[in-house]
Amino acid sequence: MNLKYKTMTRDEALHKAAAYCSQAEHCRMEVQEKLKKWDVSSSDQESIITYLEKENYLNQQRYATAFARDKFRYNKWGRVKIGMALQQKGIPADELQEALNQLEATDYLGQATDLAKAKLRTLKYSDSYERDGKLFRFLAGRGFESTIIKKAIQKVVEQGIDE
């Protein structure tokens with residue numbers, strides 16, 4: 001049973017949504033979900049979101065760029081996994097691609113190589129084929145592309161980390 005003491009007016013919902021967007025970056029879908037949760041009518045939802053976008057409280061490109069940068073830096077995700085997460089959040093393809101392009105190529109390969117080195121220390125394997133397969137699956141699960149994975153594995157093996 002949902003107990004409510006009063007319904008929220010459009011202005012109250014607008015102020016609450018603006019405060020929500022001021023605290024952290026959010027995408028359109030997240031704000032829509034909040035407004036639905038607050039039982040705001042669909043016509044008011046659309047006008048509130050339009051206002052938030054016009055006043056730059058809500059900016060899909062800014063959100064996508066921040067999301068990609070944070071997931072890469074802190075969660076150590078690759079472009080594939082970040083792209084899929086942004087797609088699920090309803091980010092348009094062009095904005096998604098722009099956010100992924102912001103990731104530095106040198107940092108990107110370095111991140112994959114560092115992850116491969118760390119994983120290699122914990123792996124048990126009988127030959128190089130098994131080792132490479134396990135590293136490949138691990139990095140693919142983190143969302144790195146196959147070309148980057150191959151380069152990272154090659155770098156790790158060349159540096160002699162595995163023996």
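## Confidence of the prediction

Among the elements of the protein chain, α5 has the highest mean pLDDT (97) and α7 the lowest (92). Here pLDDT is the predictor's confidence in each residue, on a scale from 0 to 100, and the elements are DSSP runs numbered from the N terminus, with helices (H or I) of at least four residues and strands (E) of at least two. The chain as a whole averages a pLDDT of 92, and 94% of the residues score at least 70. Where pLDDT is low, the predicted coordinates should not be read in detail.

The model is predicted, and local features need pLDDT of at least 70, side-chain atom pairs count only at pLDDT 80 or more, and totals for chains, interfaces and linings use all residues. Residues are numbered from 1 along each chain as its sequence is written, and side-chain values use heavy atoms, with hydrogens and water left out.

## Nonpolar cores

The largest nonpolar core has 30 residues. Such a core is a set of buried Ala, Val, Leu, Ile, Met, Phe, Trp, Tyr and Cys residues joined through side-chain atoms within 4.5 Å; buried means under 20% relative accessible area, exposed over 50%, and partly exposed in between (1.4 Å probe, protein chains only). The residues with the most contacts inside this core are F67, I82, L86, I91, L139 and F144. Two or more residues come from each of α4, α5, α6 (93-101), α7 (105-122), α8 and α9, and the largest share, six residues, is that of α7.

Leaving aside residues up to four places away in sequence, F67 touches W77, I82, A85, L86 and K89, a contact being heavy atoms within 4.5 Å.

Helix α6 has buried residues at E95, L96, A99 and L100. These residues lie on the same side of α6 because they cover an arc of only 135° around the axis, the arc being that of the directions from the helix axis to the C-beta atoms. The buried residues of α6 pack against α4 and α5. On the other side of α6, A93, D94 and N101 are exposed.

## Salt bridges

Side chains of opposite charge can pair when their charged atoms come close. The whole structure contains nine salt bridges, each defined as a side-chain nitrogen of Lys or Arg within 4 Å of a carboxyl oxygen of Asp or Glu. One of them joins R28 and E53, whose closest N and O atoms are 3.1 Å apart. R28 lies in helix α2 (residues 28-37) and E53 in helix α3 (residues 42-54), so this pair ties together parts that are 25 residues apart in sequence. Both partners are partly exposed, R28 with a relative accessible area of 22% and E53 with 29%.

Another salt bridge is formed by the side chains of R79 and E145 (3.7 Å, N to O). This pair links distant parts of the chain, with R79 in helix α5 (residues 79-88) and E145 in the loop between α8 (128-141) and α9 (146-158), 66 residues apart. E145 is partly exposed at 24% relative accessibility. Salt bridges that share partners also join R28, E46 and E53 into one network.

E55 and K54 meet through their side chains in a further salt bridge (3.8 Å, N to O). E55 lies in the loop between α3 and α4 (60-73) and is partly exposed, at 40%, whereas K54 is exposed, at 63%. The C-alpha atoms of E55 and L139, 84 residues apart along the chain, are separated by 40 Å.

## Cysteines

A disulfide is a covalent bond between the sulfur atoms of two cysteines. The structure holds zero disulfides, the criterion being a pair of cysteine sulfur atoms within 2.5 Å. The cysteine sulfur nearest to that of C21 is the one in C27, 9.6 Å away, which is too far for a bond. Both residues are buried, C21 at 7% relative accessibility and C27 at 0%.

Most residues other than glycine have a negative phi, and most peptide bonds are trans. D39 has a positive phi of about 60° although it is not a glycine. D39 lies in the loop between α2 and α3 and is partly exposed, with 48% relative accessibility.

K76 is not a glycine and has a positive phi of about 60°. The place of K76 is the loop between α4 and α5, and at 32% relative accessibility K76 is partly exposed.
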